[in-house]
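Biologist: I would like to go through the labels on this model one at a time. For each, tell me the rule behind the label and the value that meets the rule.

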Amino acid sequence: MSVLPFDQRDGYIWFNGALIPWRDAKLHVLSHGLHYGSSVFEGERAYGGVIFKSTEHSERFKRSAQILDFEIPYSVAELDAAKAAVVKANGFDSCYVRPVAWRGSEMMAVAAQNSTINVAIAVWDWPSMFDVATKMKGIRLDIADYRRPDPQTAPSLAKAAGLYMICTISKHRAERRGYADALMLDWQGRVAECTGANIFFAKDGVLHTPIADCFLDGITRRTVIDLARRRGIEVVERRILPEELPEFSECFICGTGAEVTPVAEAGPYRFTPGAISRTLIEDYTREVDPKAAAA
C-alpha cells in the first residue's frame with residue numbers, strides 16, 4: 001500500500017451527503033467518536049468497479065450503529081449509491097472502500113444523545129496482498145496476549161472502532177516479532193479469530209471454524225463457507241481449543257483485506273497449505289472479480 005499519509009491525498013470523499021475534495025474532509029478534535037469510541041465502520045472492496053456484497057455491508061453498517069445506540073441517517077439504498085459514486089468519482093476500477101460513522105462534537109461526555117451522527121465514505125487503492133503462488137507459502141501468525149471479550153462485556157457483534165484497539169496492539173506486537181498477524185483467543189481461551197480476519201482449519205477434507213458469537217461474523221467468512229459447501233466440502237462451526245491445532249493439516253484466514261490467505265504457522269503450530277486452501281482462493285477470486293469469472 002502507498003505510504004502517502006491519508007490526509008495528504010487527492011480525490012473525493014462522500015461526507016454527510018455530498019462528494020467533497022479529499023483534503024476538506026475533516027472533523028473537530030472534540031468529536032465524541034475520537035474520545036469515546038462511538039464509531040462504526042465497514043471494510044469493503046470493489047472489483048471491476050463493482051463493490052462486492054455492497055448491500056450486505058450497508059446493512060451491517062447500520063446494524064452496528066444501532067448496537068452502539070445511534071442511527072445512521074441514510075438508508076441502505078442511499079449508502080449503496082454513495083459508495084458507488086465515490087468509487088466512480090475517484091476513477092477506480094478496483095479499490096478498498098471505507099464507510100465510517102461517528103458521533104460529532106455537540107456533546108463531550110460519556111452520554112451524547114444529542115450529538116450529530118456524521119457519515120463519510122472514502123476509497124483507495126489496495127491491491128491483493130499476494131499472488132496465489134506467494135499465498136500458498138503461507139503466512140506466520142503470532143499468538144496474541146489480549147483475548148476477544150465476553151459478549152456480555154462488549155458489543156462484539158458490531159463492527160465498532162473501539163473493539164479494534166486490542167487488535168492494533170496485538171498486530172503491532174506480532175509484526176515486531178516478524179509475524180504477519182496474530183491469532184486471538186476468546187475470553188475462555190478458545191480459538192477466535194485474527195486481528196482483522198476470520199480463521200479456518202482443515203482436517204480430513206472437512207473445514208472447521210470457530211462459532212462467531214464473540215467476534216464479527218465476517219461477510220468474507222460467510223462467503224467462504226458458502227463457496228466450500230458449493231464444492232461439497234463440509235464446514236463445521238464449533239468451539240476449537242488451542243490444543244487441537246496440531247490435528248489440523250491446513251489453515252487459512254479470510255477477510256476483505258486478506259481475501260483468502262493460507263497460514264503456515266500459528267505460534268508453535270505448523271500447517272501445510274494444500275488443495276482446500278488453493279481451491280477456495282481460486283473460487284473466491286472468481287466470486288468477487290467479474291473479470292476473473294469471465295476468464
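Modeller: Start with Arg-60, which is in contact with Glu-42, Lys-159, Leu-216, Asp-217, Gly-218 and Ile-219, leaving aside its neighbours within four places in sequence. Contact here means heavy atoms within 4.5 Å. The model is predicted, so local features need pLDDT of at least 70 and side-chain atom pairs count only at pLDDT 80 or more, whereas totals for chains, interfaces and linings use all residues. Residues are numbered from 1 along each chain as its sequence is written, and side-chain values use heavy atoms, with hydrogens and water left out.

Biologist: Why does Arg-60 count as buried?

Modeller: Buried means under 20% relative accessible area, exposed means over 50%, and partly exposed is in between, with a 1.4 Å probe and protein chains only. Arg-60 has 6% relative accessibility, so it counts as buried. The residue is found in helix H2, where helices are DSSP runs of H or I with at least four residues, strands are runs of E with at least two, and both are numbered from the N terminus.

Biologist: What makes Asp-69 exposed, and what sets its phi apart?

Modeller: Asp-69 has 60% relative accessibility, so it counts as exposed. Its phi is positive, about 70°, although it is not a glycine. Most residues other than glycine have a negative phi. Asp-69 is found in the loop between helix H2 (54-67) and helix H3 (76-89).

Biologist: Is Asp-204 buried or exposed, and where does it lie?

Modeller: At 73% relative accessibility, Asp-204 counts as exposed. It lies in the loop between strand E11 (198-203) and strand E12 (206-210). Asp-204 also has a positive phi, near 55°, in a residue other than glycine.

Biologist: What makes a set of residues a nonpolar core?

Modeller: The members are buried Ala, Val, Leu, Ile, Met, Phe, Trp, Tyr and Cys residues joined through side-chain atoms within 4.5 Å. The largest such core has 25 residues, of which Val-40, Phe-70, Ile-72 and Val-119 touch the most other members. H2, H3, strand E6 (95-103) and strand E7 (117-124) each give two or more residues to this core. A second, separate core of 20 residues includes Phe-52, Val-224, Ile-225 and Val-288.

Biologist: Which residues does Val-119 touch?

Modeller: Not counting residues up to four places away in sequence, Val-119 touches residues including Trp-14, Phe-61, Ile-72, Leu-79 and Trp-102.

Biologist: How do you know that Cys-95 is buried?

Modeller: Its relative accessible area is 2%, so Cys-95 is buried. Cys-95 lies in strand E6 and touches Glu-44, Arg-45, Ala-46, Val-87, Val-123 and Trp-124, again not counting residues up to four places away in sequence.

Biologist: How do you know that the span of H6 agrees with its number of residues?

Modeller: The expected span is 1.5 Å times one less than the number of residues. The 12 residues of H6 should therefore span 16 Å, and its end C-alpha atoms are 17 Å apart, which agrees. For helix H7 (residues 275-288), 14 residues should span 20 Å, and the end C-alpha atoms are 20 Å apart, which also agrees.

Biologist: Why is Ala-228 called buried?

Modeller: Ala-228 has a relative accessible area of 0%, so it is buried. Ala-228 lies in helix H6. Beyond its neighbours within four places in sequence, Ala-228 is in contact with Leu-207, Ile-233, Val-235 and Leu-280. Leu-280 is among the buried residues of H7.
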